[in-house]
Amino acid sequence: MKKDQLDMFRRKLEAEKEKHQNCIQETQRITLNGIQTGFSTVFESLAEFSKTSLTMYNDLLTYSENAGKNGIPSYIEGSQVEENGSS
């Protein structure tokens, strides 16, 4: 009788261990998927920010160069626009 109970508890223990392992694997899969999705969004945002920043910088350089050609002082630090319009 006790041997039968012991075998039954061992089977239950093994079944619970398997359920637990499956839960761990599912949690890891969901977490990894969430991290990958999150990083994808972060990198897309960084790429868009970089693209917009570059466009703004180029626009400022163009404005500075045109201001120098028209005799308007340039206020971009480090910008040296000469009278002939070259930097």
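Visitor: Before anything else, what does partly exposed stand for here?
Guide: Partly exposed is the range between buried, under 20% relative accessible area, and exposed, over 50%. The model is a predicted one.

Visitor: Ok. Is Asp-7 buried, exposed or partly exposed, and why?
Guide: Asp-7 is partly exposed, because its relative accessible area is 25%.

Visitor: And Lys-3, buried or exposed?
Guide: Lys-3 has 59% relative accessibility, so Lys-3 counts as exposed.

Visitor: What do the side chains of Lys-3 and Asp-7 do?
Guide: They form a salt bridge, with an N to O distance of 3.6 Å. Both residues are in helix α1, 4 residues apart, which is about one turn of the helix.

Visitor: Which other salt bridge has Asp-7 in it?
Guide: The one with Arg-10, where the closest N and O atoms are 3.9 Å apart.

Visitor: What's the spacing of Arg-29 and Glu-26?
Guide: 3 residues, about one turn, with both in helix α1. Arg-29 counts as partly exposed because its relative accessibility is 48%. Glu-26 is partly exposed too, with a relative accessible area of 35%.

Visitor: Change of topic. What makes up the nonpolar surface patch?
Guide: Ile-35, Phe-39, Val-42, Phe-43 and Leu-46 make a patch of about 490 Å².

Visitor: Where is Ile-35, and how accessible?
Guide: Ile-35 lies in helix α1, which covers residues 2-69. With a relative accessible area of 42%, Ile-35 is partly exposed.

Visitor: How many helices and strands does the chain have?
Guide: The protein chain has 1 helix and 0 strands.

Visitor: What share of the chain is buried?
Guide: Buried residues are 5% of the 87 residues in the protein chain.

Visitor: And what does the accessible surface come to?
Guide: About 8000 Å² for the protein chain, with 59% of that belonging to carbon and sulfur atoms.

Technical notes:
Residues are numbered from 1 along each chain as its sequence is written. This is a predicted model: local features need pLDDT of at least 70, side-chain atom pairs count only at pLDDT 80 or more; totals for chains, interfaces and linings use all residues. Side-chain values use heavy atoms; hydrogens and water are left out. Patches are made of residues with over 30% relative accessible area and no salt bridge: like charges are joined within 9 Å, nonpolar side chains (Val, Leu, Ile, Met, Phe, Trp, Tyr) within 5 Å. Accessible areas come from the Shrake-Rupley method with a 1.4 Å probe; for residues, only the protein chains shown count as cover. A salt bridge is a side-chain nitrogen of Lys or Arg within 4 Å of a carboxyl oxygen of Asp or Glu. Helices (H or I, at least four residues) and strands (E, at least two) are DSSP runs, numbered from the N terminus. Buried means under 20% relative accessible area, exposed over 50%, partly exposed in between (1.4 Å probe, protein chains only).
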